[in-house]
Amino acid sequence: MSDTIFVKQPRKDKYTVLDNTCIKDSRLSWKAKGVHTYLMSLPDDWKIYLSEVVKHSTDGKDALNSAIKELIHFGYIQKKGQNRDSGKFGGNCYLIYEMPVDSIPDGDRCGFIDAVKSSTIKSSTENPPLLNTNKLNTNIQNTKLTNYESQPVSESVFVNYIKQLFGGDYPFDKNFESDVMKKLESYQLVEKLESYLKYVFERTESQNPSKSFEGMYRILALSTSVLRDFKIIQQNQTKSEPKVCERKIVYVTCLSCGTEFDEFDYYCPECNLKLDDIKNHNEDEIKIHKALHQLSEEERAKIDEEMDARTKAKGRSFLTIEERKQFYRDLGIL
């Protein structure tokens, strides 16, 4: 089978002499290689603002930040300290290298203090300079990347990892992240954030929820029992004991029909009484479910039809808690 070929055309003017290490580094994405090549093509003394760089491509800020983080991870960009403007600290200063930092001789590296002294670093509140890509650059070893972390962070580590788990979506309300973080802080597990979110996802999958997967995930993520199980697993791994794969199963006895079930089912599989009603000894709900459980299927179907009729009479699709209780009082159940 034939393959596509590319024919390289002769190089003309306006070119950049650049070490091939980054371009041939198979660890890097094409996106990261492209960003590195662009940054290295700028003049040695250029002040680079990411808010300006993002204007020179169609990828957008998130893609640029992702490429920058990738280059930092593999040593092509290194944080050196904070910029100062009129005695005040501004954004962080980074140095860009042709090759990963560990592979560059010490004598070839540019010191951060000298770089700051050699020129004035502009504040992030000023209009960023336009980037001149036409100036010839033939001997670049490193370039100062300023104002990177001063740019607003679009998403937290928490949100990014949730999106990875849920196929790119974030299906929770704005309070979910802070609620989970508070729970993790109380158990001193903040550093295990990603492991915990993945652990909760796997437990949610094991429950095979028939209604809302996201709803079950939220409940488990904030569950004290789940946090406790996760911490036990972490402690066992620290002690080099065999990895704990199975969760601790806690059984609950239904106060309506006497059925014993796993508390992570959240509903009695026999009479459908909620776990919360069992734990809180909700007498009204226990009495209702117990009475309904003792009826035949035909009798329960008839009660369902009567409730539907009363609901429609209200002109809406539901009954309030008090209206529902009154319905069962009228039937003599309460």
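Modeller: Start with the core itself. The largest nonpolar core holds 37 residues. Those with the most contacts inside it are Phe158, Ile162, Phe176, Leu184, Tyr196, Leu197 and Tyr217. The elements that each supply two or more residues are helix H5 (157–165), helix H6 (176–186), helix H7 (193–207), helix H8 (213–221), helix H9 (224–238) and helix H10 (275–279). H7 gives the largest share, six residues. Bear in mind that this is a predicted model.

Take phenylalanine 158 as a way in. Neighbours within four places in sequence are left aside here. Phenylalanine 158 then contacts Tyr170, Phe176, Glu177, Val180, Met181, Leu193 and Leu197.

Now the rings. The structure holds 15 aromatic pairs. One of them joins phenylalanine 166 and phenylalanine 201. Their ring centres are 5.4 Å apart and their planes stand at 90 degrees, so the pair is edge-to-face. This pair links distant parts of the chain. Phenylalanine 166 sits in the loop between H5 and H6, phenylalanine 201 in helix H7, and 35 residues separate them. Both phenylalanine 166 and phenylalanine 201 are buried. Ring pairs also build a cluster. Its members are Phe158, Phe166, Tyr170, Phe172, Phe176, Phe201, Phe213 and Tyr217. Phe158, Phe176 and Tyr217 in that cluster are also among the residues with the most contacts inside the core.

Stay with H6 for a moment. Aspartate 179 has its place in this helix. Its relative accessibility is 27%, so aspartate 179 counts as partly exposed. Aspartate 179 touches Arg218 and Leu222, with residues up to four places away in sequence not counted. Aspartate 179 and leucine 222 are 43 residues apart in sequence, yet their C-alpha atoms are 7.4 Å apart in space.

Next, the loop between H6 and H7. Glutamine 188 lies there. Glutamine 188 has a positive phi of about 55 degrees although it is not a glycine. Most residues other than glycine have a negative phi. At 62% relative accessibility, glutamine 188 counts as exposed. Asparagine 272 is also not a glycine and has a positive phi, about 70 degrees. Asparagine 272 belongs to the loop between strand S6 (260–262) and H10. With 47% relative accessibility, asparagine 272 counts as partly exposed.

Helix H13 covers residues 321–330, and its buried residues are Lys325, Phe327 and Tyr328. Down the axis of H13, these buried residues fall within an arc of 150 degrees, so they line one face of the helix. They pack against helix H11 (283–293) and helix H12 (297–313). After H13 comes glycine 332, with a positive phi near 85 degrees.

Leucine 319 lies between H12 and H13. Its relative accessibility is 15%, so leucine 319 counts as buried. Leucine 319 touches Met307, Arg310, Thr311, Lys314 and Arg324, again without residues up to four places away in sequence. Leucine 319 and methionine 307 are twelve residues apart along the chain, and 8.7 Å separates their C-alpha atoms.

Two charges over rings deserve a look. The charged end of arginine 316 sits over the ring of phenylalanine 318, 5.1 Å from the ring centre. Lysine 33 lies over the face of tryptophan 30, at 4.4 Å from the ring centre.

Finally, the wider setting. The protein has 13 helices and six strands. Of its 334 residues, 37% count as buried. Take the contacts with a separation of 6 or more: residues 24 or more positions apart account for 59% of them.

Key:
Residues are numbered from 1 along each chain as its sequence is written. This is a predicted model: local features need pLDDT of at least 70, side-chain atom pairs count only at pLDDT 80 or more; totals for chains, interfaces and linings use all residues. Side-chain values use heavy atoms; hydrogens and water are left out. A nonpolar core is a set of buried Ala, Val, Leu, Ile, Met, Phe, Trp, Tyr and Cys residues joined through side-chain atoms within 4.5 Å. Buried means under 20% relative accessible area, exposed over 50%, partly exposed in between (1.4 Å probe, protein chains only). Helices (H or I, at least four residues) and strands (E, at least two) are DSSP runs, numbered from the N terminus. Contact means heavy atoms within 4.5 Å. The arc is that of the directions from the helix axis to the C-beta atoms. Rings of Phe, Tyr and Trp (its six-membered ring) pair if their centres lie within 6.5 Å; planes under 30 degrees apart count as stacked, over 60 as edge-to-face and the rest as tilted. A charge sits over a ring if NZ of Lys or CZ of Arg is within 6 Å of the ring centre and within 35 degrees of the ring normal.
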